[in-house]
Amino acid sequence: MARINLTIDGKSITADSEASLLEAANSAGIYIPAICSHPDLKPSGECGLCAVQIEGSADCVQACNTKVADGMVVNTETTTARQKQKDALIKILKQHPNACLTCWRRERCKPDDVCLRQINITERCVTCPENGHCELQRIVDFLDIGNDEIPYQYRNLPVQRDNPYFDLDYNLCIACGRCVRACRDLRGIKAIDFKEINGFKVAGPVKATYAESGCKYCFTCVEVCPVGALVDKQARYRAISEWEGYVVPCSYACPAHIDIP
């Protein structure tokens, strides 16, 4: 595969000619926020977070869906690109409990800390097994959208527990589609798809239960979920009792071990 040269945020890099801008940036250690993308899945552009500007164009493009080109000059931090990224993030946060994510304290509380905003226990990050590992937390911190309250009403949907190994919490699903594409494209099972429950777009088993949907319990959907919607049953309860502070590990959103500023 041919190699080409381009510039991203003033940094000269070399990338495969068939790579996307997002892949090229990741390989060079340049972070572009994205939550529907995954290195093992074809890009979908569902989240819209990876908006960037190519020099010479007033419009933004999606880094996950745009191929690199020789001599291309890309900016991820322009005022226009940042606003597009923040608008996309706010749209996502309207689908997910966000009071902790936009809290003025800008820190991760421990489970026994008193919440100064009197957030319902079901809405707090500390009760989520992905706390500290959540890609949405990382993106919120990176884009720093401020302390504005973003409208959200807890869905109060039941947690689906029929799977013997993992739970599905529809209240946390942001409809990014990663589990849908992983089940379909990586495993060829098609046990998961988008659906509407009480007016909310979510992803879940195509039939009433995972067993009826043909689930093979391979955990692929759990591995690619960027938030706490799909979690190992044991991890769901371990997270609350074994708090170790806010740690940001390498994850699928950041395959090149990117250090986020």
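**View 1. Asn-171 and its polar partners.** The side chains of Asn-171 and Asp-169 make a polar contact at 2.8 Å; such a contact is a pair of N or O atoms within 3.5 Å, where within protein one must be able to donate a hydrogen and the other to accept it, and residues adjacent in sequence count only if both atoms are side-chain atoms. This is a predicted model, in which local features need pLDDT of at least 70, side-chain atom pairs count only at pLDDT 80 or more, and totals for chains, interfaces and linings use all residues. Residues are numbered from 1 along each chain as its sequence is written, and side-chain values use heavy atoms, with hydrogens and water left out. Another polar contact, of 3.4 Å, links the side chain of Asn-171 to that of Tyr-154.

**View 2. The surroundings of Asn-171.** With 2% relative accessibility, Asn-171 counts as buried (under 20% relative accessible area, 1.4 Å probe, protein chains only). Leaving aside residues up to four places away in sequence, Asn-171 touches Gln-95, Pro-97, Tyr-152, Tyr-154, Arg-155, Asn-156 and Leu-157 (heavy atoms within 4.5 Å).

**View 3. A five-stranded open sheet.** Here the strands follow the order β2-β1-β5-β3-β4, with mixed pairing; strands are DSSP runs of E, at least two residues, numbered from the N terminus, and two of them pair if DSSP finds at least two bridges between them. β2 (11-16) and β4 (60-62) stand at the edges with a single partner strand each, so one side of each lacks a neighbour in the sheet.

**View 4. Where β1 meets β5.** Strands β1 (residues 3-8) and β5 (residues 73-75) run parallel and are joined by two bridges. Look for Ile-8, whose bridge partner in β5 is Val-74.

Methods
Buried means under 20% relative accessible area, exposed over 50%, partly exposed in between (1.4 Å probe, protein chains only). Helices (H or I, at least four residues) and strands (E, at least two) are DSSP runs, numbered from the N terminus.
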